[in-house]
Amino acid sequence: MDVLFGGMQRFGLRAGWLLAGALAALLPALAMWGFTVDDALIPVRYARHLVTGAGWRFDAGGPSTDGVTPLPWPLVLAPLAHAPALAVLWRARVLGLLAWTAAGAALGEAAGRRAEAPKWARVAALATLVLSVPVAAHAVSGMETAIATTLATFAVLCARRPLVAATLAGLAASLRPELAAWAIVLSAGVAVVARRGVRGAVTAAAIAAVPFAACALARVAVWGRPAPLALMAKPGELSQGLAYAGAALVVTVTPVLVVAPLALRRTPAALVVVLAALAQVVAIASVGGDWMPFARLMVPVAPSLAWAGVLLSASASRAATAARSVVAILLGIALLAIGRRTIADARGVASDRAALVEAAGPLLAGAGRVAALDVGWVGAATEADVIDLAGLTDVEIAALPGGHTSKRVDAMFLLARDPDVLVLYRPPRVVEARLEDDEVIARHFETSAWLPLGHSGAGYVVMIRRRSE
């Protein structure tokens, strides 16, 4: 009877930690459910064209282009893509929420098994994860970030099985190419900690590199370049990347839990996770960061740092662990307070985009070619060809001088593409301001409608080709 009671008690504790981890992932993500980004609709359009037989292309009648940085993502979306674009995006968001909740449950269950770590430290690690708004937001954005985060978290939790960890880490890097260095460092490191020797470390690193290399080779074979088109369309600067990486280390909160140089020396398993995360920071800085909100590029490795914090708490002094936990939790609370307006606005992005798509549909119904900078929602509103003024899905525009919102698209270049409609954001970004101020554009296009973006005062002006044209 005592054995049975003891077994039931252990099962109950394990289930309790599993549930705690699941809720630590699920509840903040649900709180951020209304968040998404415009780019989430770009792979949706590729996936819908895949399943309708149009092939791997952004425009059904256009050339095949490498407009999706996470190359496998349209294939993941394909089973969900037999529906209108917004419905597909909703399914992708649900998929991300379920995947991240499963990873959170696994993280909680693993924390529960670390009996040598103080219970309060394990609870504090989960609480820190709850307070990481970037992790919650990107769990439901509809992007590949949630799946990459899930794979990266499971990779860290499978550290005692280096080849499994390497496979999961490599798959994460196939979805987020800048994770390649993280995956290689993590995989080699866990093999060393598991005492698999040099050969084991090299093998694990090679396994982790395979999915990334396969994506690069596929790009070379199909489009003639190993790097994603976005790298050319959005050239980054090191100064911007350093600023982005520094901010990401703060806003994701969990890095605070591993600021423990002495304890890291005594905890090889945690040290490997931290070294891999540092590799990710270097990669983020090298690519120039990202324009999307909530530190998207740091999100996949943030949960692993919470786990490293649990590992460290078993060997670090109680006082130091308590100090790090308190600082992390207070930082998370402070960021929530400081960013409450930003968070509230972010929770309305999905509904604002849906309203844009609904309002723009009738206006774009007869168009053959639409020029826009934010092509995600525009591509969801029409099946017309879309001239991508940012170059994310257009090789010719991607090669032009300028950054993401400042490509040197002049009036004559644009008119040569023969657009029927221009959709321009106000207040305008650089490329839009240049076009709006151009006399040639003014002679060829007239304002047709104004599409407000939520209640911010911003929105999109729809300009149609003059009938005399």
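Which helix gives the largest share of the lining of the second largest pocket? Helix H17 does, with four residues.

This is a predicted model, in which local features need pLDDT of at least 70, side-chain atom pairs count only at pLDDT 80 or more, and totals for chains, interfaces and linings use all residues. Residues are numbered from 1 along each chain as its sequence is written, and side-chain values use heavy atoms, with hydrogens and water left out.

On a 1 Å grid over the protein atoms alone, a cavity is a set of points where a 1.4 Å probe fits but cannot get out, while a pocket is an open set with protein on both sides within 12 Å along at least five of seven lines; lining residues have an atom within 4 Å of a point. A volume is the space filled by probe spheres set on the points, which are joined across faces, edges and corners.

| Space | Volume |
|---|---|
| Largest pocket | about 880 Å³ |
| Second largest pocket | about 740 Å³ |
| Largest cavity | about 60 Å³ |
| Second largest cavity | about 40 Å³ |

The largest pocket has 42 lining residues, and Arg176, Ala230, Leu231, Lys234 and Gly289 lie nearest its centre. Its largest share, four residues, comes from H10; helices here are DSSP runs (H or I, at least four residues), numbered from the N terminus.

For the second largest pocket, the lining counts 26 residues, with Asp345, Val349, Arg353, Tyr425 and Leu453 nearest the centre. Helix H17 (340-346) and helix H18 (349-363) each supply at least two residues of this lining.

The whole structure holds two cavities of 30 Å³ or more. Residues lining the largest cavity include Ala121, Leu257 and Arg324, whereas Asp38, Trp291 and His404 are among those lining the second largest cavity.
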